[in-house]
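Try each task yourself before you read its solution.

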Amino acid sequence: MTELLTAAQMRAIEQAAIANGEVTGLELMERAGRGVVEAIFAEWPELRAGTFRAVVLCGPGNNGGDGFVVARLLKEWGWGVEVFLYGDAEKLPPDARVNYERWRGMGEVGWIRAADFNRADVVVDAIFGIGLSRGFEIPAALNHEYHHFLRDGLWWTGETRPPYIVAIDITSELDADSGRRLETSQEWGGEMGAHLTVTFHAPKVGHYLDSAPAAGGRLRVVDLGIDVPELDSWDERQVRQRQIVQRVERPEWNIWGPSLTKRNPEPSAPAHKFSHGHALVLSGPPGHGGAGRLAARGALRIGAGLVTVGCPPEAVAENAARLDAVMLRGVADGEVLARVLEDRRINALCLGPGLGMGEREAGLVAAALGLAECPPPPTPPHKGEGGRDDLPTRGTDASGGLPLPLVGRGQGRGARAVVLDADALTMLSRSPELFDALHKTCVLTPHAGEFARLFPDIAAKLEAPAVRGPAYSKVDATREAAARAGCVVLFKGPDTVIAAPDGRCAINSAHYDRAAPWLATAGSGDVLAGFIAGLLARGFAPFDAACTAAWLHVECARSFGPGLIAEDLPEELPKVFRALGV
Ligand SMILES: NC(=O)C1=CN([C@@H]2O[C@H](COP(=O)(O)OP(=O)(O)OC[C@H]3O[C@@H](n4cnc5c(N)ncnc54)[C@H](O)[C@@H]3O)[C@@H](O)[C@H]2O)[C@@H](O)CC1
Ligand SMILES: [K+]
């Protein structure tokens, strides 16, 4: 995983490096400007040779300072360069002022409203970086053509091709922590953006959230050569884990944690299907079983040893006709589920996809969360049992027919791992009793609408206009939701955020080189819920299961490509696993 930084964290790293004498602010600015020029040439190698024209828009702070460095270096490279300033040269901070003066030795600085992009090959946006604290009125010069350059040159009135736009650190309108545009009262709502964003040391959290990925084009990170000291103690590392936001990446397996490879957990004993867990997916009435079957298929493909669909007895025939490797049993209501769960080998549940929201389903959620009591075994066989299932009705659990222990927030023996998605989330939002029963081995997987139903006050904060930076972000919202729910929350989207109640947080991005817009297809969320349940069954901790499943979900979509439908996602997993060397 890569650590993403907030603006404050980046500033602290920079200031520590300056304070300990490792580097000066001026040298950092020089490295930053040089890095931007190298990134431009790496992105468009044809610009390396020949004479081109750049327009550099500098702002009132150190982002503007970087812009002056870029202007000087491009001019030294032989380019024609014009520089325009937004702000007052007299008020530039010291390092930016030095670079302003250096540039003034080579060329003019115009007023930003006079900027003219005609015949420009590259426009450099160095107006604001991580220091943007409130919205700014986009100068009229940027008003008309600028944002259309980004739309394939639409409305471009210049004589040659429209210029490439390069944002230094981040597109100037955007808040670096939330990726949101900071609003102004300006009536014309132009949208700045870039073909290439060049940031420093590490990506910022905001690069992966909200408007930033679509606005920023491609993202390159320039190494400033700053050494960040390793944390010595385990405690310090734990604290840091809770403060930073990570970007989910290709999973790295270690010998201690569970692996995607089906390893024998006890080297001396033979492995069998129960070694890899048993996931139970509860599904809905006849005609609504597709979503549950998709989730089940996902859980099985990702490696759960056994997967069972638990459906209403009247849906057994339909499901039996559609399932082979996935097992099936009738689960009429919460009482039946409580008894089924006496079998402690069933270690992960998935509720929500196509479940429905009636009395039966509310009872199932209650039982899954340990709220339902297990009735004495019925004779003759209970009304809800049926289907084909090789599991004993009664588990070997010592509790026998006694009520299952009431499981509070992560307490009690055997609080099962439970994924709650779709209809189950809506039921949680309607029932404080169910919500209060969530515990630390639960995973909630809301999309934006479900999130707003579950956490209306948090969603309202996220939807309120972003006026000041740092603005309230999807990361803030998901962390707050996870702390309130007492469990892992995976807030879906192309910028999926996963947070644990202890503050750990990660973003699984389907942007930049991982963009897979075809993943927005009916049933894809059901498969994700199944992936998580399957990994939970395999013994993954809830946060790791959610991050790994989300990453694999996008990877399956990328591997399959356009034309993908939800059924393809589980079937693509073997190919993805092979590519990973699993
Ligand atoms: N932090 C680092 O490690 C480095 C930072 N560098 C550059 O420095 C940038 C940060 O510089 P600054 O902290 O000076 O911040 P910016 O240059 O982003 O913003 C300048 C200042 O403008 C003011 N401001 C904020 N919003 C405004 C608005 N709407 N209207 C008018 N003024 C507004 C603020 O006082 C802010 O500090 C980075 O984005 C990066 O480009 C690089 O030079 C090298 C290393
Ligand atoms: K910028």
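Strands (E, at least two residues) and helices (H or I, at least four residues) are DSSP runs, numbered from the N terminus, and two strands pair if DSSP finds at least two bridges between them. The model is predicted: local features need pLDDT of at least 70, side-chain atom pairs count only at pLDDT 80 or more, and totals for chains, interfaces and linings use all residues. Residues are numbered from 1 along each chain as its sequence is written, while chains are lettered from A and ligands numbered from 1 in the order in which they are written.

**Exercise 1.** Find the order of the strands in the open sheet of 11 strands.

Solution. Step one: read across the sheet, which gives β1-β9-β18-β17-β16-β15-β14-β13-β10-β11-β12, with mixed pairing. Step two: look at the edges, where β1 (2–4) and β12 (327–330) each have a single partner strand, so one side of each lacks a neighbour in the sheet.

**Exercise 2.** Work out how strand β16 is joined to strand β17.

Solution. Start with the direction: β16 (residues 488–491) and β17 (residues 495–499) run antiparallel. Next, count the bridges between them, which number 3. Finally, pick out a pair: Phe491 has Val497 in β17 as its bridge partner.

**Exercise 3.** Describe how helix α9 packs with helix α20.

Solution. First, the geometry: α9 (residues 290–301) and α20 (residues 568–580) have axes 8 Å apart, at an angle of about 10°. Axes are lines fitted to C-alpha atoms, for helices over the stretch in contact, and angles run from 0 to 180 degrees between N-to-C directions. Then classify: α9 is therefore roughly parallel to α20 (angles under 35 degrees count as such).

Conventions: Angles under 35 degrees count as roughly parallel, over 145 as roughly antiparallel, 65 to 115 as roughly perpendicular and the rest as oblique.
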